[in-house]
Amino acid sequence: MKLKNSLVLILLAGIPVLGMAQSAPFSLEGKIGNLSALAKVYIDYMDNGVSHEDSTILVNGAFTFKGNVSGNSYARMALSHEGKGKPHAIYSPNADAIYFYFGKEKVKISSKDSLSNAAFSGSKVYDEAVAYNKTIGGSIMELTKAVNADFAKGTPEQQKDTAYAKAVDTRYRQNLKNRAEKQLQFAKDHPNSFFGMVALSEAAGGKVDVPVIEPIYNAMNASLRGNDTGKELGQRINAMRSTAKGVDAPAFTQNDVNGKPVSLADLKGKLVLVEFWASWCAPCRAENPNLRKQYATYKDKGFEILAVSLDSDKAKWVDAIAKDQLPWIHVSDLKGWNNAVGRLYGVRAVPACFLVDGSGKIIATDLRGESLNNKLAELLGK
């Protein structure tokens, strides 16, 4: 039942970050006990749609990150106490990772033993985020921690019982629903607030309820709608219309692994599965054997796969293609969650896919496993 950090990160990574017109310096100064030697801290943050990462060792518990941001940024910071590397610091059972907002500020982070217990000072943005999360019922990470604690209350026998696990999950889903409702109200009540737009973006999710979300969005301050968070949400709203069944699939061109431009229009006349994935996405990689099988079965009958990667590291992207033996067409702009095609199609989680017929119209979405196999058999199995 325990939710994996990697699954939560899929949700969090999709949260775009508001950017302003001019960049300004920031500093994050930390003091975690007296850690030194092997201890290393890592940070990943987004600024106006561009991802950044950095790392540094601790000296007598102290570390500093400096840079420039154009607005409020969302960050993940992880501490490897024993120098076992970034993945261990983020994903291990004893991971010491935190998620927070910061701005053009001098932020102090301090704790006697870990990032998880750290206190923040000097950041108005952080304080506003804390107040916002309190209003809506907690952050995703806080709700995830709560559901894991809820499940852990059960006896070993209860934890093996599917009914017990389902009851815990039902409570968690209800908490998420309550949170989304509070976020919508927060956005309505704070049309000029950065966190008002964050609230609306999170509440909208991947499948935007346009009649509900669009009026609130249109009432938000124009400067918020014009920055990266607002632009991305606007693209998601538009994508609900432009990627509906029966409409022409949005046209795009992106480079393949060799830097050669590939257009969706180049595949006109074929049945094309536009598949959004990433090397780091476990569910995507798990589906690849099935895609290989379907591709081998139907490629000579006019079936093609155009895979759009949300990777940012080319080496990892290319390595995954080779390891999974994926013989179809692969493209990416290596901008991670800000992949231009992903944003055009309103993709907020992977895997995601759109089946496009020979005339260029979308005829199905989110097919995988048996649902994909059955659809291909229906269309091409004669």
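Reply: V274 is found in strand β11; helices (H or I, at least four residues) and strands (E, at least two) are DSSP runs, numbered from the N terminus. The model is predicted, so local features need pLDDT of at least 70 and side-chain atom pairs count only at pLDDT 80 or more, while totals for chains, interfaces and linings use all residues. Residues are numbered from 1 along each chain as its sequence is written, and side-chain values use heavy atoms, with hydrogens and water left out.

V274 is buried, at a relative accessible area of 0%. Here buried means under 20% relative accessible area, exposed over 50%, and partly exposed in between (1.4 Å probe, protein chains only). Leaving aside residues up to four places away in sequence, V274 touches F252, L264, L306, V308, A352, C353, F354 and V356, where contact means heavy atoms within 4.5 Å. T229 stands 45 residues from V274 along the chain, and the C-alpha atoms of the two are separated by 25 Å.

V274 also belongs to the largest nonpolar core, which has 45 residues. Such a core is a set of buried Ala, Val, Leu, Ile, Met, Phe, Trp, Tyr and Cys residues joined through side-chain atoms within 4.5 Å. Together with F276, F303 and Y345, V274 has the most contacts inside this core. At least two residues of the core come from each of β11, α11, β12, α12 (314-323), β14 (352-356), β15 (362-365) and α14. The most is given by β11, with six residues. Apart from this core lies another, of 22 residues, among them A39, V41, I43 and F65.

With residues up to four places away in sequence not counted, Y345 touches A239, T243, A249, P250, F252, L264, F276 and F354.

The next element to consider is β14. Strands β11 and β14 pair in the antiparallel sense over five bridges; two strands pair if DSSP finds at least two bridges between them. Within this pairing, F276 has A352 in β14 as its bridge partner. Strand β14 also pairs with β15, again in the antiparallel sense, over three bridges, and F354 stands opposite T365 in β15. The hairpin of β14 and β15 has five residues between the strands, and G360 in this hairpin takes a positive phi near 95°.

Five of the five residues of β14 are buried, so β14 is largely enclosed by the rest of the structure. In a regular strand the side chains alternate between the two faces of the sheet. In β14 both faces are covered: A352, F354 and V356 are buried on one side, and C353 and L355 are buried on the other.

A cis peptide bond, with omega about 5°, joins V350 and P351. P351 is found in the loop between α13 (340-344) and β14. The loop between β13 (329-331) and α13 holds L334, a residue other than glycine whose phi is positive, near 55°. L334 is partly exposed, with a relative accessible area of 29%. Most residues other than glycine have a negative phi, and most peptide bonds are trans.

In α14, L372, N373, L376 and L380 are buried. Viewed down the axis of α14, these buried residues fall within an arc of 100°, so they line one face of the helix; the arc is that of the directions from the helix axis to the C-beta atoms. An α-helix has 3.6 residues a turn, so residues three or four places apart point the same way. The buried residues of α14 pack against β11 (271-277), α11 (282-298) and β12 (303-309).

To draw the account together, V274 is buried and lies in β11.
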